[in-house]
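Have the model open as you read.

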Amino acid sequence: MEKSVLIAGFGGQGVMSIGKMLGYAASDAGKYASFYPSYGAEQRGGTANCTVIISDEEIGSPAVSKLDMLIAMNQPSFDKFAKKVKKGGSIIVNSSLVTSKVEDPDIEAVYVDANDIANDLGSPKVANIVILGAYIGLSGALSEEDGKAIIKKMLGGKADLLEMNYQAFDKGIQAVK
Amino acid sequence: MSKEFIKGNEAIAEAAVRAGCRFFAGYPITPQNEVPEYLSARLPEVGGHFIQGESEIASVYMVFGVAATGIRSMTSSSGPGFALKAEGISFLAGGQIPAVLVNVSRGGPAIGTIEPAQQDYFSAVHAPAPGGFRCFVLAPQNVQEAADFVYEAFDIADKYRTPVYVLADGMIGNMMEVVELPKMRDLADLPSNDSWRFNKYNDDGTARILSTYMPMGELMQNKNKEMAAMYETWEKEEQRWEEYMIDDAEYIVTAYGSSARIAKSAVKELRAEGIKVGLIRAITLYPFPKDAFDKLDYTKVKKMFCAEMSIPGQYIYDVQNAVLGRSEIIPIQTSGGVIMETDMVVAAVKENL
């Protein structure tokens with residue numbers, strides 16, 4: 001089963017980090033994975049996006065035109081990519097920054113106040129980890145254990161930040177239940 | 001062997017180091033910048049040298065100079081950079097100096113686009129530079145092959161004393177995939193190049209000259225004949241391709257590199273609907289895998305499709321030259337950085353059943 005997700009937002013929101021973390025986690029879990037970023041003239045505050053595909057078999061195109069899932073971290077990303085989601089697919093909307101609603105009844109919409117949740121936890125920087133939790137909770141492409149293992153690995157020596165990141169991850173999972 | 005999740009350009013760079021590459025010179029250009037970036041840190045760790053040249057032209061001649069001493073060397077760039085390196089590539093071929101060239105190609109003539117495209121087929125396969133020589137050309141379709149082919153390219157370069165060209169694109173260079181990197185080669189185990197390297201005297205004590213200049217017409221002709229004989233050997237012995245579900249296929253899709261992995265997804269989808277379709281993927285672009293097309297049973301093949309991310313089509317000329325009119329060939333093409341879609345290949349086949 002091949003599952004695609006496009007993650008999009010402002011540069012600096014951790015969009016590429018979530019994408020890479022999903023790829024690393026899938027790789028560690030013994031699956032096929034591809035991470036395909038927008039590249040070239042990217043900058044902080046500009047737009048950034050990446051497509052991640054996780055699969056049990058060899059992956060075809062890493063840049064699919066019809067998505068199983070979209071993670072829209074900001075309004076311009078929602079506006080640009082919502083129409084690329086397949087019927088029966090889903091959109092995780094960062095409702096802290098996106099005011100639009102998903103109008104297509106054939107697309108599952110999940111609203112997560114990622115920035116608000118992150119601020120409540122004490123750092124706006126973990127908003128992307130909230131979203132990582134939401135993605136794993138909703139897609140089932142990876143297990144919760146896979147997600148936590150990769151958070152620990154990515155944080156490396158910064159053990160003091162681990163607890164907050166785990167909490168952010170758990171809040172993300174709860175938000176989609 | 002452990003697997004790693006790694007970016008294509010970095011996999012190319014690390015594979016080169018593991019193959020024994022100890023010198024790289026290049027000049028920045030998207031979408032291959034992570035190759036020099038990675039090597040600038042990595043080569044010094046293994047006692048190698050990295051130089052960011054003042055230009056592509058300087059860089060390729062630095063590779064010429066170092067490779068002439070028998071040290072495994074590489075340069076990389078994208079299409080516009082290869083235009084500038086052309087003269088030096090011709091000198092590498094003419095001087096019979098082994099080196100590896102990696103092109104993470106762009107989307108059109110002149111400055112092109114930085115997005116994934118396969119617009120450098122002619123340039124890589126048929127005319128890297130003037131003078132009528134060939135490069136051995138390998139085309140990876142994913143990050144694993146990008147690493148494997150760069151690794152092997154150094155052996156092929158040494159075996160034939162030729163520049164070996166790895167033709168990738170922005171997709172392969174910039175995506176991350178799960179890869180098993182090849183093992184680190186011990187430099188002591190690399191094939192000896194004492195018989196030709198510049199920094200060694202001849203047995204009779206005379207100095208060696210690696211010259212590309214043949215003052216007499218007949219000497220040049222002889223040299224060109226020698227080179228042509230080598231290319232014939234490649235054509236006989238080194239063709240490589242992948243076949244997928246072609247045994248009972250009535251429709252054949254052919255592609256190389258990134259478009260081949262997309263075409264393969266299309267073949268799977270069409271097969272799931274009961275349509276008898278198969279894939280031929282060229283792995284060596286030169287020598288072109290003519291045998292793959294020669295051995296097809298054309299009484300069974302109803303139509304062929306040639307998918308490439310290039311407009312105008314380029315790969316299709318070599319396919320036509322291999323098929324020799326035995327089947328109709330329908331082009332499926334995107335260009336400029338518009339990535340081919342599985343649906344596009346599926347639709348093209350269905351429209352032509």
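How many residue pairs are in polar contact across the interface of chain A and chain B? The rule finds six, with both residues of each pair at pLDDT 80 or more; a polar contact here is a pair of N or O atoms within 3.5 Å, where one must be able to donate a hydrogen and the other to accept it, and residues adjacent in sequence count only if both atoms are side-chain atoms.

## Ground rules

This is a predicted model, where local features need pLDDT of at least 70, side-chain atom pairs count only at pLDDT 80 or more, and totals for chains, interfaces and linings use all residues. Residues are numbered from 1 along each chain as its sequence is written, chains are lettered from A in the order in which they are written, and side-chain values use heavy atoms, leaving out hydrogens and water.

## The interface

On contact (heavy atoms within 4.5 Å), 21 residues of chain A touch 22 of chain B. Together the chains bury about 1,700 Å², 58% of it on carbon and sulfur atoms; that's accessible area (1.4 Å probe) lost on being put together, summed over both. Within chain A, the most area is lost by Tyr36(A), Tyr39(A) and Glu58(A), together 30% of what that side buries.

There are also three salt bridges across the interface, meaning a side-chain nitrogen of Lys or Arg within 4 Å of a carboxyl oxygen of Asp or Glu. Glu57(A) and Lys268(B) meet in a salt bridge at 3.8 Å, N to O.

## Cysteines

No disulfides turn up over all chains, taking one as two cysteine sulfur atoms within 2.5 Å. Cys21(B) has its nearest cysteine sulfur, that of Cys135(B), 16 Å away.

How values were computed: Buried area is the accessible area (1.4 Å probe) that two parts lose on being put together, summed over both.
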